[in-house]
Amino acid sequence: MRCWRSPVELRLGSGLKAIKDVTESPEIRDRAVSVYTMNRAYWESRIDDEKYWTSYLDMMAEDRFNSLVVIFGYENGGFLAPCYPYFFNVDGYADIRMEGLSTAQQQHNLAAFNRLIEMAHTRGIRITAGIWDHIYRGGVQGGGIPGNEKAPDHPSPGLVWGVTADNLNAYTKAALTKFIQKVPVDAIQFRMHGESGLKKTKKKPSGPTSSP
């Protein structure tokens, strides 16, 4: 049997020989998407929803995003200000807690967030934890939510209680150390101005011993 090739096939075959291997990369190295945790009910409806994150992270990878920034706190009435008690307690600071959150719930939150990080890493996506609120003092941090113009003067469900100007620096250092040990994020992003609960008159331009 004779094999017949059309002129079109012959022309294509000749043209393919001129194709050279090319290695390309995106012009922008870091291509990030940020997600917020402002609304507790909405955040907790998806934090451990693997079906949701599978779809979300697959879409990011297909669209060539390589970084996901999860932002804790920020103008949301004090939720996750700061985020550490949402995941664990810190030795030596028994009075600092998220009111109404049990140890089992903390462990669940930590496991769910770490699972999200694992899923992202399998797709080549880095995770940054945006720690934007360090202490809740009301004002702009209230986010315009009625009744949140001022920080509560008593323990309130869903809010961190026990962080004060006196223990803020020491607690943050201890809590951040534990966060780094327990949460395999690729980076941590801080917000360091009035919107994060820090007072302008109490801050120094630089240095680890700045006042709270």
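Reader: Are Trp 43 and Phe 72 buried or exposed?
Author: The model is a predicted one. A residue counts as buried under 20% relative accessible area and as exposed over 50%. By this criterion, Trp 43 and Phe 72 are both buried.

Reader: What is the geometry of the pair formed by the rings of Trp 43 and Phe 72?
Author: The structure holds 16 aromatic pairs. In the pair of Trp 43 and Phe 72, the ring centres are 6.2 Å apart and the planes stand at 85 degrees. Planes over 60 degrees apart count as edge-to-face, so the pair of Trp 43 and Phe 72 is edge-to-face.

Reader: How many residues apart in sequence are the parts that this pair of Trp 43 and Phe 72 ties together?
Author: Trp 43 belongs to helix 2, whereas Phe 72 belongs to strand 2. The pair therefore ties together parts whose separation in sequence is 29 residues.

Reader: Which element gives the most to the largest nonpolar core?
Author: This core has 45 residues, of which Leu 68, Phe 113 and Phe 179 touch the most other members. Among the elements that give two or more residues are strand 1 (32-36), helix 3 (50-62) and helix 4 (103-121). With seven residues, the element that gives the most is helix 4.

Reader: Why do the buried residues of helix 3 line one face?
Author: The buried residues in helix 3 are Trp 53, Tyr 56, Leu 57 and Met 60. On the other side of helix 3, Lys 51 and Glu 62 are exposed. Viewed down the axis, the buried residues line one face because they fall within an arc of 90 degrees.

Reader: How far apart are the end C-alpha atoms of helix 3?
Author: Helix 3 has 13 residues, which at 1.5 Å a residue should span 18 Å. The expectation agrees with the separation of the end C-alpha atoms, 18 Å.

Technical notes. Residues are numbered from 1 along each chain as its sequence is written. This is a predicted model: local features need pLDDT of at least 70, side-chain atom pairs count only at pLDDT 80 or more; totals for chains, interfaces and linings use all residues. Side-chain values use heavy atoms; hydrogens and water are left out. A nonpolar core is a set of buried Ala, Val, Leu, Ile, Met, Phe, Trp, Tyr and Cys residues joined through side-chain atoms within 4.5 Å. Buried means under 20% relative accessible area, exposed over 50%, partly exposed in between (1.4 Å probe, protein chains only). Helices (H or I, at least four residues) and strands (E, at least two) are DSSP runs, numbered from the N terminus. The expected span of a helix is 1.5 Å times one less than its number of residues. The arc is that of the directions from the helix axis to the C-beta atoms. Rings of Phe, Tyr and Trp (its six-membered ring) pair if their centres lie within 6.5 Å; planes under 30 degrees apart count as stacked, over 60 as edge-to-face and the rest as tilted.
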